[in-house]
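I begin with a convention on helix angles and then go through the helices and the strands.

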Amino acid sequence: MQEQTTAELRPQVGAGLADPPNFPAPAVVTQSVRTQSQTPLRHRLLAAARQSLPAGACMLGEEADYGRMLLFSPVFLGAGSAFWFLAASDLPLVPSLLCLLVSAAAVFLTGPSRPALRASLMALALFAGGMLSAQFESWRASTVILDSSVTTTVTGRVERREGDGRGRWRYILAVTGTEAPELKRPPRRITAIVRGADAPFEIGDIITGKARLTPPAGPALPALNDFSFGAYFDGIGANGFFYGAPEKLDLEAGPQAASSTSDALFEWLYRLRSSIGDRIRSILPGDTGAFAAALVTDERRAISKTTTEALRQSGLAHIVAISGLNMALSAGIFFVGFRMLLCLFPGVAQAYPTKKIAAAGALMAVTAYYLISGFGVSAERAFIMMTIMLIAVFFDRPSISLRNVVLSALIIIAISPSEVLGPSFQMSFAATLALVSGYQLWKDRRVRENAFLKLPIIRPVVVVAGFFGGVFLTSLIGGFSTALFSIEHFHRLTAYGLPANLATMPIISFIVMPAGLLAMLLMPFGLDAPLWTVVGFGLDLVIAVAKTVSGWGGDIGIGRLPAWYFAVAVAGFLLLTLLRTRLRHVGTSIIAVSTLTVLLLPAPRPPDLVISEDGGLVAVVAAEAIASNRENPPDFIFDQWQRALVLPTHVPPKMLDGPAIPPEGEDRRVRLSRDQQNEASAAMRAAAAGGEANRFSCVKKAWCTSRLGNGHIVTVIDNAAYLGPACDTADIVVTSVRLRFNSCRSGGTLFTGETLRRTGSVELRFADAGLQVATAFEALSRPWMRHRAYDWRKDSFTESGPAAVSDNGE
């Protein structure tokens, strides 16, 4: 007979007695209880932890049984790619390849009896594979980036074009030649803005004109987004604009054919895309037409800055981007409409699988949508997701699942691993992961039948409430899931995105997208104009909601957070969304603890002075404002400074009377006479002593100087002729001129256009130990940085910096 425990015997003893006897408690039990009460707290916590280990192992086993470990495959693949891109230098190929081969072989040799070891080896193989894919993409790109700004005559072939609605056109040109001067290391592809052209050039035209070209911008501040990284993998070697309208080389010749079949196919698609955008904007004027064209072709430049800012501040900018919302609505509307149309014919509905036929039609519609969308990352991710979901219908498999999300992530990382570091990839997959995980939890919930909700009178109310409840939860989950990435990349949060989305989602779902889909189907027949009018009505409502909500404020500046926080919080987010059991709450705890730590720890000290990478913009950072040396600083750089430093108030410089010496228009390298140097030095000292602290005082096109709160003096010179007086009067001197030396003879710190070209943007902090300098680049060994080390005089790359200034200032 099986031995029974004390807990099993106790009810049997008392079952036959009216009053169970009072047996004396054994002494050993009393002693045990006394000992437990006297046990130290740390021992009890250790005992509880040991007891929880089997439960944790059981939950890990359950996760493995449900295949959740496979869901982490894109995490390790993407981590390997990110590690390679963020490394200080290129990692050797052979060790990565050996690591992949050995770990992959070990995975096959390891039996299923050792799942933990096998999972670890698989993670290592994926990590090495991510590194190799990143290295391969870098070799495949091999983009030649312009080394420094130059004005030259450019001749190139138009590959793409996009208008901005204000008479300007942005062209992507394949450069065929440069002259006056001829570049020794010309980029193969550039973007250029054209103003004042009578008519846009066609794709394939060969144009020429004098243009100002600049390299893609680096980080506006250390640790911010490096735009040259994205440009390198997009194949863009320079940005610029034409002085006046360029000319077409052969006015009689038509567009030149592409060099390959694939290029010809892509250019045909871009022509189709441009014609669709032009057609929509010809029917709908202003921002309405630009908004509608952006929903179809992803051409967003024609939307005015006011409307774009309103959409961003209200949390509705995701509508403009072709993403999961647009793809899902277009596929869903086509799928449901086509299936209902087939069901109108009973013979067809009974003889053929209408669901699969409708899925095939929706797949063709989504493919066409993607081909005219411009191939953006968000569109690519949404297209792959929708393709997998529709193909799953063919095989009677679940359409919405985390496996589909993982598969699309693996495809994108394998094709374009550089996208792992971009906000588009991160935010789109974060929202998708959170929504699909939330859908799975909602689907697996326990449902209680309620007869009241099935009453015919109540049913419509339930349907409407369910729709708005779904929109509410979708907006809430999507907003929370992308908040972390919005803070990391854009340093801000939108407070009123939820009410804005609740107000606009019915408009987008029931007016804009259905009418837009029908308009696209009827466009080849010229019958689309009335439907675009309906789309315009809906988008006017969306714009009105965006402007109303943005007027409430709610654009919260967060600034830069510690570097460790993003990595830790992302790890917690992945655990929360990819796991199934209660282990997912480990991710919740990680997010909560890391966020609480950031809130409780003192904020990092902001810089005292920031310098742009070209030396043309310098700003003093004070407690409540940022004071620059420009009355109207360039938006592209200054907006990033204000968001990262959370200083919306700009203090412009105080302009002083006095002519520039030498007169305007003379050679910037001319030297001042002794009297002119003394005069300039006296003017700088007077401006620094008599001006407001932490504010620049400037002589236009000559110099600016500021006395900081700690007594140090900073001088920015636009003309190299003022270098001597600036070095004699200031502790820190900044100039955009590319000088051949990098220090003042007086001992002051000098930043020139040449040194800043190598270091990128600079942050300065004054400490007791001395001046602390943080630069955007410490080394120039990565492919997207090497152009900064190119010396056009020697036609070679060099790591040596410019020499120190000699005693005579030469």
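1. Angles between axes under 35 degrees count as roughly parallel, those over 145 as roughly antiparallel, those from 65 to 115 as roughly perpendicular, and the rest as oblique. The model to which this convention is applied below is a predicted one.

2. With that convention in hand, consider helix α18 (residues 459-490) and helix α21 (residues 563-578), whose axes come within 11 Å and cross at roughly 165°. The two helices are therefore roughly antiparallel to each other, and the crossing in which α18 passes α21 is left-handed.

3. The residues that make this contact are Ser 481, Leu 484, Phe 485 and Glu 488 on the α18 side, which meet Tyr 565, Phe 566, Ala 569, Val 570 and Phe 573 of α21. By class, the contact of α18 with α21 comprises seven nonpolar residues, one polar and one charged.

4. Helix α18 also meets helix α19 (residues 497-522), and here the axes come within 9 Å and cross at roughly 125°. This angle makes α18 oblique to α19, and the crossing of the pair is right-handed.

5. In the contact between α18 and α19, Phe 467, Phe 468, Val 471, Phe 472, Ser 475 and Leu 476 of α18 meet Leu 498, Asn 501, Leu 502, Met 505, Pro 506 and Phe 510 of α19. The residues of this contact divide into 10 nonpolar and two polar, with no charged residue.

6. Turning to the strands, an open sheet of mixed pairing is formed by six strands, in the order β12-β11-β10-β9-β19-β20. Because β12 (650-651) and β20 (770-775) stand at the edges and have a single partner strand each, one side of each is left without a neighbour in the sheet. Helix α23 (residues 635-645) packs on the sheet, where it touches β9, β10 (618-621), β11 (626-628) and β12, and its direction makes about 155° with that of β11.

7. Within that sheet, strand β9 (residues 609-611) and strand β19 (residues 762-767) run antiparallel and are joined by three bridges.

8. Strand β16 (residues 713-717) deserves a separate look, since five of its five residues are buried, so the strand is largely enclosed by the rest of the structure. Ile 713, Thr 715 and Ile 717 point one way from β16, whereas Val 714 and Val 716 point the other way, and all are buried.

9. The pairing of β16 with strand β15 (residues 703-707) is antiparallel and extends over five bridges, with Trp 703 standing opposite Ile 717. These two strands form a hairpin with five residues between them, and Gly 711 in the turn has a positive phi of about 95°. With strand β17 (residues 732-735), by contrast, β16 runs parallel and is joined by four bridges; Val 734 in β17 is the bridge partner of Val 716.

10. For the protein as a whole, the secondary structure comes to 26 helices and 22 strands, and buried residues make up 44% of the 810 residues. Among contacts between residues at least 6 apart in sequence, 67% join residues at least 24 apart.

Note on methods: Residues are numbered from 1 along each chain as its sequence is written. This is a predicted model: local features need pLDDT of at least 70, side-chain atom pairs count only at pLDDT 80 or more; totals for chains, interfaces and linings use all residues. Side-chain values use heavy atoms; hydrogens and water are left out. Two strands pair if DSSP finds at least two bridges between them. Contact means heavy atoms within 4.5 Å. Axes are lines fitted to C-alpha atoms, for helices over the stretch in contact, and angles run from 0 to 180 degrees between N-to-C directions. A crossing is left-handed if the near helix is turned anticlockwise from the far one by less than a right angle, and right-handed if clockwise. Ala, Val, Leu, Ile, Met, Phe, Trp, Tyr, Cys and Pro count as nonpolar, Asp, Glu, Lys and Arg as charged, and the others, Gly among them, as polar. Buried means under 20% relative accessible area, exposed over 50%, partly exposed in between (1.4 Å probe, protein chains only).
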